[in-house]
Amino acid sequence: MLKKLSLISIACLACASTTAIAAPKNIIYMIGDGMGPAYLAAYRYYMDNPDTKVVESTVFDELWVGNASTYPDDDTVVTDSAAAATALSSTHKTYNGAIAVDHDHKSLTTMMEIAKAKGMQTGVVVTAQINHATPAGFLAHDPSRNNYNQIADDYIDNKVDGRIVADLMLGGGTSYFIREDRNLVEEFKQAGYQYTDSWTELKALNKLPVLGLFAPKGFVSALDNPEPLPLKQMTEKALELLSPAEKGFVVMIEGSQIDWCGHANDIACAMAEMHDFAEAIKVAKAYVDTHPDTLLVITADHETGGLSLGANGNYSWKRDVVQKVKHTGDYIAGQLLALKDDKVFYQAWLGLTGLELNADEQQLLSKARTEGQKALAVAVKQRIDHYSSTGWTSSGHTAADVPVLAYGADKQQFAGFQDNTDIAAKLIKFIQQK
Ligand SMILES: [Zn+2]
């Protein structure tokens, strides 16, 4: 009897290790562009409640399960968003700049195309132009990310079984979709898509397919945008519209401009983008809570800026300095540029940053003003970095590994260290089980 039991248990162990885990019906795939690990740490301290001794966890911390490498298919180790998006959408590494094509410019099938072939509904939600590198790596094929018009064309010309790949597209980019040589908005309307370019109308949209373009190119930075939490708003609408999909859905939601703030070495800008991304993640997490057949996976395509908390030998990072900054460095410089009177100039600076400067520093800023907006923006951000002890090693990307977060029944599949192509492989395996 004992022998029999142990045989059964051995058989069951084998069965547990070989049986495929039930595929989730829906996949929410979120990408924080440029969001290296230091961004998550910075956001944790930025959001900390100063009235308690303990540093509270963020939604990122709650969902963190692993890390991923991001290197492209060359000897540089440092990827761009196009090669990374291709890896994250197709499992294939390629060269920097490639939109879901290999070195021979041959198309690489993306998970959105596989999902469409399986009868699932698909969507992309971004705050960049919708034809920017990351979403393009899911919906189009092009030898260069810079071919913006051709990529936009591909969004309607690239078909799976005669059907347009994405049922839902929300982001920016009217200047690429409404052109003299081609009006893609009209073509999408003729193909049955509801179209809107207004935030009020977005709320009224009630069925797929949908195209929403809310800016000529990328959105205004979250820190300067009068529209509150645009990514959160679009995420809510996207999940509402995709939810009835009979065979499930796959949606890619990108915090696009975390990367742009990183390129600009602008910490206040980055924290505002992280906040919008965190709020969008909370919406997705709540959706999984009420729809347990949904898997949420979150990662980044690469790290941007070489962000560090504690710079120049200082054992400190001052989040309260960052919290008081009301706008991006570029916006602040634009506001200050026209103010020629030093007293008025400094009062405006105080109003925009809450940061008191000594006489030498005030002079430094006034001097930068005479050199134009770009120089002034750099000087503004340098003061904020100095007083917050924020460090940057680059105006570009770095090869730092990126966090992997997951939520839902299959989240353990994404635990531990993996390559970015592994994330795509696991998700595509789920889609192929349909
Ligand atoms: Zn970038």
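Helices (H or I, at least four residues) and strands (E, at least two) are DSSP runs, numbered from the N terminus. With those labels in hand, we can walk through this structure, which is a predicted model.

Let's start with His 105, which sits in the loop between helix H4 (81-90) and helix H5 (111-117). Its phi is near 65°, a positive value in a residue other than glycine. His 105 has a relative accessible area of 45%, so it counts as partly exposed. Asp 161 is another residue that has a positive phi without being a glycine, here about 50°. You will find Asp 161 in the loop between strand S4 (159-160) and strand S5 (163-164). Because its relative accessible area is 61%, and exposed means over 50%, Asp 161 is exposed.

## The loop between H10 and S8

The loop between H10 and S8 holds Pro 209. The peptide bond that leads from Leu 208 into Pro 209 is cis, with omega near 0°.

Lys 207 belongs to the loop between H10 and S8 too. At 48% relative accessibility, Lys 207 is partly exposed. Leaving aside residues up to four places away in sequence, Lys 207 touches Gln 194 and Leu 241. For a sense of distance, take Met 47: its C-alpha lies 36 Å from that of Lys 207, and the two residues are 160 apart along the chain.

## Around Leu 40

Leu 40 is part of helix H2 (residues 37-46). Is Leu 40 buried or exposed? Its relative accessibility is 0%, and buried means under 20%, so Leu 40 counts as buried. Its contacts, not counting residues up to four places away in sequence, are Met 35, Phe 60, Trp 64, Met 274, Pro 403 and Leu 405. Ala 359, in contrast, is 35 Å away from Leu 40 in space, C-alpha to C-alpha, and 319 residues away in sequence.

## Aromatic rings

A pair of aromatic rings is described by the distance of the centres and the angle of the planes. How many aromatic pairs does a search of the whole structure find? The search finds twelve. One of them joins Phe 60 and Phe 277, whose ring centres are 6.2 Å apart and whose planes stand at 35°, so the pair is tilted. Phe 60 is in helix H3 (residues 59-63) and Phe 277 in helix H13 (residues 267-290), so this pair ties together parts that are 217 residues apart in sequence.

Trp 199 lies in helix H10 (residues 199-204), while Phe 219 lies in the loop between strand S8 (210-213) and helix H11 (230-242), so the pair ties together parts that are 20 residues apart in sequence. Trp 199 is buried at a relative accessible area of 15%, and Phe 219 is buried at 6%. Coming back to Phe 60 and Phe 277, ring pairs link these two with Tyr 43 and Tyr 46 into a cluster.

## Helix H15 against helix H16

Helix H15 (residues 329-337) packs with helix H16 (residues 342-353) at an angle of about 155°, and their axes are 10 Å apart. Angles over 145 degrees count as roughly antiparallel, so that is how H15 runs relative to H16. The crossing of H15 past H16 is right-handed.

Which residues make the contact? H15 contributes Ile 332, Gln 335 and Leu 336, and H16 contributes Phe 345, Ala 348, Trp 349, Leu 352 and Thr 353. By type, the residues of this contact of H15 with H16 are six nonpolar, two polar and no charged.

## Helix H17 against helix H18

For helix H17 (residues 359-370) and helix H18 (residues 373-388), the axes come within 7 Å and cross at roughly 155°. That crossing angle makes H17 roughly antiparallel to H18. H17 passes H18 in a right-handed crossing.

On the H17 side, Glu 361, Leu 364, Leu 365, Ala 368 and Arg 369 meet Ala 375, Leu 376, Ala 379, Val 380, Arg 383, His 386 and Tyr 387 of H18. The residues in this contact of H17 with H18 comprise eight nonpolar, one polar and three charged.

Notes:
Residues are numbered from 1 along each chain as its sequence is written. This is a predicted model: local features need pLDDT of at least 70, side-chain atom pairs count only at pLDDT 80 or more; totals for chains, interfaces and linings use all residues. Side-chain values use heavy atoms; hydrogens and water are left out. Axes are lines fitted to C-alpha atoms, for helices over the stretch in contact, and angles run from 0 to 180 degrees between N-to-C directions. Angles under 35 degrees count as roughly parallel, over 145 as roughly antiparallel, 65 to 115 as roughly perpendicular and the rest as oblique. A crossing is left-handed if the near helix is turned anticlockwise from the far one by less than a right angle, and right-handed if clockwise. Contact means heavy atoms within 4.5 Å. Ala, Val, Leu, Ile, Met, Phe, Trp, Tyr, Cys and Pro count as nonpolar, Asp, Glu, Lys and Arg as charged, and the others, Gly among them, as polar. Buried means under 20% relative accessible area, exposed over 50%, partly exposed in between (1.4 Å probe, protein chains only). Rings of Phe, Tyr and Trp (its six-membered ring) pair if their centres lie within 6.5 Å; planes under 30 degrees apart count as stacked, over 60 as edge-to-face and the rest as tilted.
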